[in-house]
Amino acid sequence: MAWALKLPLTDEVIESGLVQDFDASLSGIGQELGAGAYSMSDVLSVPIFKQEESNLPPDTDNKILPFQYVLCAATSPAVKLHDETLTYLNQGQSYEIRMLDNRKIGELPEITGKMVKSIIRVVFHDRRLQYTEHQQLEGWRWNRPGDRILDLDIPMSVGITDPRANPTQLNTVEFLWDPSKRTSVFIQVHCISTEFTMRKHGGEKGVPFRVQIDTFKENEGGEYTEHLHSASCQIKVFKPKGADRKQKTDREKMEKRAPQEKEKYQPSYETTILTECSPWPEITYVNNSPSPGFNSTHNSFPVAEGNGSPNHQPEPVVPVLDNLLPTATPQEAQQWLLRNRFSPFCRLFTNFSGTDLLKLTREDVIQICGPADGIRLFNALKGRVVRPRLTIYVCQESQHGREQQQKHENGDAANNTFFIYHAIYLEELTATELTEKLAQLFNISPRQINQIFKQGPTGIHVLVSDEMIQNFQDEVCFVLDTMKDDTSDGYHIILK
């Protein structure tokens, strides 16, 4: 019985101890959650929250870049932490971009006292629209004839020389500048984000663009092709005053949020700093196209030399994409990926040589890059040629007329007559595409070709439309005649 009487006492002692321990544990909760003791950054440092950050590019905050580009426009306050900044611009308004030289003493001495070349582009941010960029820009050109997507405001710009705007590249401008001198360039974006949305029922969100700047130095041949630095930022373009209203709306929405919610968003900065990125994937950065001011005073255009006729069918001409060789080093393989628009996968294939890439099967590439990019990369590795949808052959009227005159003069020698034709390959089957291809053939600007006609029955002139081109027979032959437009400096082309 003695031990039975001590049991309640023991239970009371144990129970009392548990209560004291529990009270002590509760007493610390308020202190642990007190002001200044709780940090969200400590929670985010847990490995499970850092899985997404491991896929981001390495932090370049401590890396001194040779140049820095600052867009003088405020960033949106409605962007979450760790997301890329977003800047709103007004259509047609001039915005300053400051070109800053961040080189250390002795860094890149080869450009000291020399000019460098920068190319500014407005491109799509969404991958889906990047794949159809050419078609999107051609559609915009058709709806806005004579307009450009990107322009330089030359009178307001400071420190730039030799500014150029290629008439066939509506979204690109370029100029030379001296890094040792103060340089500011003013740009104007004339397209708005909602012009490229899928549905147009009103109220839809506009697509984001990117402003990208690529800078190059001179090579031994005097051409600006050696890449130095690239940076870009994300923008959205609104109708005039629309960017100001959008910025105000975002600011008011953020003011209504709770303090805990505000901590999840970035503050609005007065300027936008372009962040380092890969150079724009392009085969060459040298502008060999005629300047916008180029005018011709002749009634016939000199056609480039070449061999081709209906009796001799050449192989289809496709854009020159250099084939990857098995002997290519990993560095050369990286350059090949950049030139052929595979920059997102450069990191995946960092140590791959030409042989390593060429050994990949179709299934391997699709598994690594996904279905769309995988098929594109596999076809590029194998150097597959895509046949054009339509091939036509053209001969200039002046050449054809001379040959006909020689035929009558030579009599029986007519069988030896040889007409020089040039092949034109069409993919989109549109009048705009035909105009561009004929302009390339004549080595002129497409703006100088006002209309294209086809000679019909009884010699009538029928305006060439997209539908007419879609009904052309493959490998049809035409004789081209040019007619001066009395109302402008352009020309009409007649297909006979």
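I count two strands as paired if DSSP finds at least two bridges between them. The model I am reading is a predicted one.

Entry on strand 1. I looked up the pairing of strand 1 with strand 3 (residues 95-101) and found five bridges, in the antiparallel sense. I then turned to strand 11, which is joined to strand 1 (residues 67-71) by two bridges and also runs antiparallel to it. I checked Val70 in both pairings: its bridge partner in strand 3 is Arg98, and its bridge partner in strand 11 is Ile273.

I traced the strand order as 5-8-3-1-11, an open sheet of five strands with antiparallel pairing. At the edges I noted strand 5 (150-152) and strand 11 (272-273), each of which pairs on one side only. I also looked up burial in strand 1: four of its five residues are buried, so strand 1 is largely enclosed by the rest of the structure.

Entry on the helices. I looked up helix 10 (residues 362-369) against helix 11 (residues 371-382) and found their axes 7 Å apart, at an angle of about 140°. Angles over 145 degrees would count as roughly antiparallel; helix 10 and helix 11 are therefore oblique to each other. I recorded the crossing of helix 10 and helix 11 as right-handed. On the helix 10 side, I listed Arg362, Val365, Ile366 and Cys369 in the contact. Helix 11 contributes Pro371, Asp373, Gly374, Ile375, Leu377 and Phe378. I sorted the contact by class and got seven nonpolar, one polar and two charged residues.

Key: Residues are numbered from 1 along each chain as its sequence is written. This is a predicted model: local features need pLDDT of at least 70, side-chain atom pairs count only at pLDDT 80 or more; totals for chains, interfaces and linings use all residues. Side-chain values use heavy atoms; hydrogens and water are left out. Buried means under 20% relative accessible area, exposed over 50%, partly exposed in between (1.4 Å probe, protein chains only). Axes are lines fitted to C-alpha atoms, for helices over the stretch in contact, and angles run from 0 to 180 degrees between N-to-C directions. Angles under 35 degrees count as roughly parallel, over 145 as roughly antiparallel, 65 to 115 as roughly perpendicular and the rest as oblique. A crossing is left-handed if the near helix is turned anticlockwise from the far one by less than a right angle, and right-handed if clockwise. Contact means heavy atoms within 4.5 Å. Ala, Val, Leu, Ile, Met, Phe, Trp, Tyr, Cys and Pro count as nonpolar, Asp, Glu, Lys and Arg as charged, and the others, Gly among them, as polar.
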